[in-house]
Amino acid sequence: MDDLSTLPLDEIRSRRAALQGDEVGLSYLRRLVQGRLDIVDAAARNRGGSIASLVEELPSILGEHVHAPGTGRLPTLMAPSAEDETRLRAELDAIVAPEVLTALDRLDDDELAGLVERLNAFEREISERRRDVHHDIDALQAELTRRYKTGEADVESLLT
């Protein structure tokens, strides 16, 4: 990241806002990946069972990991823009398309294991990208805080 002390205040705020939008998109994508992973894991555990029983379990399967650790603050943005959502879904669909999820009972054990492996790898990649975005947001926020503390920026500028 650039030497933030040389950037204009508006530029810092603009970069932070853009990164916060990126974070929303990555969080959304991560939730989608985890949902598909939960479905594939359940299908692997349900080997020999009926698809109907798997479908009946979907609410509990998808409801297992909805409470992530964190500050408990509600995000100001809940979903990415429509354009970002389309792009992010395409990334996930390249790994496991929705139609694959409806045919999990036709996959053999190795194919299911491969799907789990690819989804786990993608989830790790998304998590790493989110960590990087959080790091950059934190750096921008720290620079903003520094400027307010030292008087380089005026709190009243937030109101205009």
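**Exercise 1. Which residues does arginine 36 touch, not counting residues up to four places away in sequence?**

Before the solution, a word on the model: it is predicted, with local features needing pLDDT of at least 70, side-chain atom pairs counting only at pLDDT 80 or more, and totals for chains, interfaces and linings using all residues. Residues are numbered from 1 along each chain as its sequence is written, and side-chain values use heavy atoms, with hydrogens and water left out.

Step 1: find the residue. Arginine 36 sits in helix H1; helices here are DSSP runs of H or I with at least four residues, strands are E runs of at least two, and both are numbered from the N terminus.

Step 2: list its partners. Contact means heavy atoms within 4.5 Å. On that basis arginine 36 touches Arg89, Leu92, Asp93, Val96, Ala97, Pro98, Leu101 and Leu119.

Step 3: check its cover. Arginine 36 has 8% relative accessibility, so it counts as buried (under 20% relative accessible area; exposed is over 50%, partly exposed in between, with a 1.4 Å probe and protein chains only).

**Exercise 2. Work out how H1 and H5 pack.**

Step 1: get the spans. H1 covers residues 9-45, and H5 covers residues 109-150.

Step 2: get the geometry. Two packed helices are described by the angle between their axes and the distance between the axes. For H1 and H5, the angle is about 160° and the axes are 8 Å apart. Those axes are lines fitted to C-alpha atoms, for helices over the stretch in contact, and angles run from 0 to 180 degrees between N-to-C directions.

Step 3: name the arrangement. H1 and H5 are therefore roughly antiparallel to each other (over 145 degrees; under 35 is roughly parallel, 65 to 115 roughly perpendicular and the rest oblique). Their crossing is left-handed, as the near helix is turned anticlockwise from the far one by less than a right angle.

Step 4: sort the contact by class. The contact of H1 with H5 has 21 nonpolar, 7 polar and 13 charged residues. Asp, Glu, Lys and Arg are the charged ones, Ala, Val, Leu, Ile, Met, Phe, Trp, Tyr, Cys and Pro are nonpolar, and the others, Gly among them, are polar.

**Exercise 3. Look at valine 116 and glutamate 123: are they buried or exposed?**

Step 1: take valine 116, in helix H5. At 18% relative accessibility, valine 116 is buried. Leaving aside neighbours within four places in sequence, it is in contact with Leu37, Val40 and Asp41. Valine 116 and isoleucine 39 are 77 residues apart in sequence, but 9.9 Å apart in space, C-alpha to C-alpha.

Step 2: take glutamate 123, also in helix H5. Its relative accessible area is 14%, so glutamate 123 is buried. Not counting residues up to four places away, glutamate 123 touches Arg30, Val33 and Gln34.

**Exercise 4. How many helices and strands does the protein have?**

Step 1: count them. The protein has 5 helices and 0 strands, giving the pattern α-α-α-α-α along the sequence.

Step 2: Of its 160 residues, 32% count as buried.
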